[in-house]
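Let's take a friendly walk through a protein model. Keep the sequence and the 3D view open as you read.

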Amino acid sequence: VLAVKTASVKRFCRNVIDKLIRKADKESTLKLRIKVPLMVGAVTFACSLGLAISSYQIGEGAIQMSEQQLTTNVENQILSLLQDANSKSLARADLISRLPFVQEYLASRSRDKLLGTIKPALKVQKERYFVAEAQFHLPPATSYLRVFKPKAPQEDLSSFRQMVLRVNKEQIPLSGIEIGRRGIGIRGVVPIQEQGVHIGSFEIAMDFKPLLNNLKKISGYDSAIFVSEEKMSKVATLIPKPDPEKIIGAMRVQDATNWRLIRGLTTPDLINSTFQMDAYHKEYDGESYSLILVPLMDFKGEQIGLIVAAKTMRYFENLRSSLFWNNIFLACGQALVITGIASILFNGLLLRPIVSLGRSIKSMLGQKDVKDENSSSMDYLSTRRDEVGEIARDCKTLQSHLLEVNQASRDSRS
């Protein structure tokens, strides 16, 4: 059944093409030397255009896969940078907690000695490595000494610093993100023991700036940290409230490498409705941008904010444009080249010989028995081994027959 249907389709297409050719032959006033190359060029251009479209679709698919892979890579880089910052904060806190004089001064509640001994080293860490906070705690969760704000009063943190509470309760080190009095930070909290007795904990909080800067250096993406405005207003009371323009939806921006760009690409609906990794293409200032949103989780795995990353897709748009025009120029070039070759071959190998044969036949009909230019041309064409040669040889046979008839006619009259 399939074979019968295929044969029927072929016959139908053949009939349609034959009808179109016959109609073109009847209605067209163009000569064959122009008509045939144009038809060949039109068919070639149509085929080349079909191949160009197919090639563009394949290229577009490859570009889309590259964009998806880039998005996945950036998401993984963000998670990796967060994990690296967690490890660094925990390592720094663990190193400080193991210093003998730190254990001794904390156990004896020698606050001034502890501050005078530890502050110079931590000040260098703050200036060079973006350490935002350094704090000692007493069990269960009392702020004993804020190294960079030593005049701050001692405070019970148990209502909002669950990480500190858990470290002192379970005597285990923890790292992760949590909001404190001075804002959100990537924190490492470790227990401190003196002669085997648990005496408190120490905390290092890292700033997000190096994470955002490293992300831009690695991937070219500008990014920003958004945090829940409600939680920040409730807990981070030692920092001023942000400008209204830095609050989008239910979140405020903590840090950003290019706030103008991020502000232009984000909306309250987008910020409020993102609860998992997602990616978008958005237009801004006449350019297409890739926008990646990664939920920001605290150490318990609860979402408290977002990491928003954005980068212009100019490279991929230029790639698409180049792919499109290259395929169009290639299709046009193929059509022009093949049309030119078809014109040369058709006129040189077929049309001119046929015209020459026609002139020879007219010469014969004029009853010329001398070898003129047309006869010489036919003699040359009769040496060819193709169809034109066969026609030329038949014409020579006809010419010889006509000469014999003419000669016989003259002889009978004389």
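This report looks at a sheet, a helix beside it, and a few loop residues in a predicted model.

Now zoom in on one pair. Strand E11 (residues 287-297) and strand E12 (residues 303-312) are linked by nine bridges in the antiparallel sense. To see a bridge for yourself, find Tyr 289, whose bridge partner in E12 is Thr 312.

## A helix across the strands

## Loop residues to look up

Between strand E1 (131-138) and strand E2 (142-146) there is a loop that holds Pro 140. The peptide bond joining Pro 139 and Pro 140 is cis, with omega at about 0 degrees.

Which phi value does Phe 130 have? Its phi is positive, about 60 degrees, although Phe 130 is not a glycine. Phe 130 sits in the loop between helix H4 (111-129) and E1, and is partly exposed, with a relative accessible area of 33%.

Gln 171 is not a glycine either, and has a positive phi of about 55 degrees. You can find Gln 171 in the loop between helix H5 (162-170) and strand E4 (174-180). Gln 171 is partly exposed, with a relative accessible area of 38%.

Definitions and conventions. Residues numbered from 1 in each chain as written. Predicted model: local features only at pLDDT ≥ 70, side-chain atom pairs only at ≥ 80, totals over all residues. Heavy atoms only, no water. Pairing = 2+ DSSP bridges. Helix = DSSP H or I, 4+ residues; strand = E, 2+ residues; numbered from the N terminus. Buried < 20%, exposed > 50% of the residue type's maximum accessible area, 1.4 Å probe, protein only.
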